[in-house]
Amino acid sequence: MLACEGFGPDCSHNGRCMRDGDCFASPPHLVAARMIERLIPDGRDGAHLAYLKRVAEMLRDEAVHL
């Protein structure tokens, strides 16, 4: 559940995966990239956001191995 892409407390409250097990269906580097991309607010710029975007790109390009 700690690696869940959804809202973990919902799964915990309901006692089952609320995403039909999809949380763990993707390769870990793509899951990590999506989780990082969700941290970036739409339409916002800044150096710290550029770092997040670059890390997500590197994960998608498999330049970083988990």
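I started with α2 and looked up what its buried residues pack against: the partner is α3, residues 47–60. This is a predicted model, so I kept the confidence scores at hand.

Which residues of α2 (28–37) are buried? I get His29, Val31, Ala32, Ala33 and Ile36.

Next I checked the geometry of the pair. The axes of α2 and α3 come within 8 Å and cross at roughly 160 degrees. Anything over 145 degrees counts as roughly antiparallel, so I put α2 and α3 down as roughly antiparallel to each other. I also noted the hand of the crossing, which is left-handed.

Then I went through the contact itself. From α2, I listed His29, Leu30, Ala32, Ala33, Arg34, Ile36 and Glu37; on the α3 side they meet Leu52, Val55, Ala56, Leu59 and Arg60. Sorting the residues of this contact by type gave me eight nonpolar, one polar and three charged.

I took a look at Arg54 too, which is found in α3.

Last, the confidence. The chain averages a pLDDT of 78, and 79% of the residues score at least 70. Among the elements of the chain, α3 has the highest mean pLDDT, at 91, while α1 (residues 8–14) has the lowest, at 71.

Key. Residues are numbered from 1 along each chain as its sequence is written. This is a predicted model: local features need pLDDT of at least 70, side-chain atom pairs count only at pLDDT 80 or more; totals for chains, interfaces and linings use all residues. Side-chain values use heavy atoms; hydrogens and water are left out. Buried means under 20% relative accessible area, exposed over 50%, partly exposed in between (1.4 Å probe, protein chains only). Helices (H or I, at least four residues) and strands (E, at least two) are DSSP runs, numbered from the N terminus. Contact means heavy atoms within 4.5 Å. Axes are lines fitted to C-alpha atoms, for helices over the stretch in contact, and angles run from 0 to 180 degrees between N-to-C directions. Angles under 35 degrees count as roughly parallel, over 145 as roughly antiparallel, 65 to 115 as roughly perpendicular and the rest as oblique. A crossing is left-handed if the near helix is turned anticlockwise from the far one by less than a right angle, and right-handed if clockwise. Ala, Val, Leu, Ile, Met, Phe, Trp, Tyr, Cys and Pro count as nonpolar, Asp, Glu, Lys and Arg as charged, and the others, Gly among them, as polar. pLDDT is the predictor's confidence in each residue, from 0 to 100.
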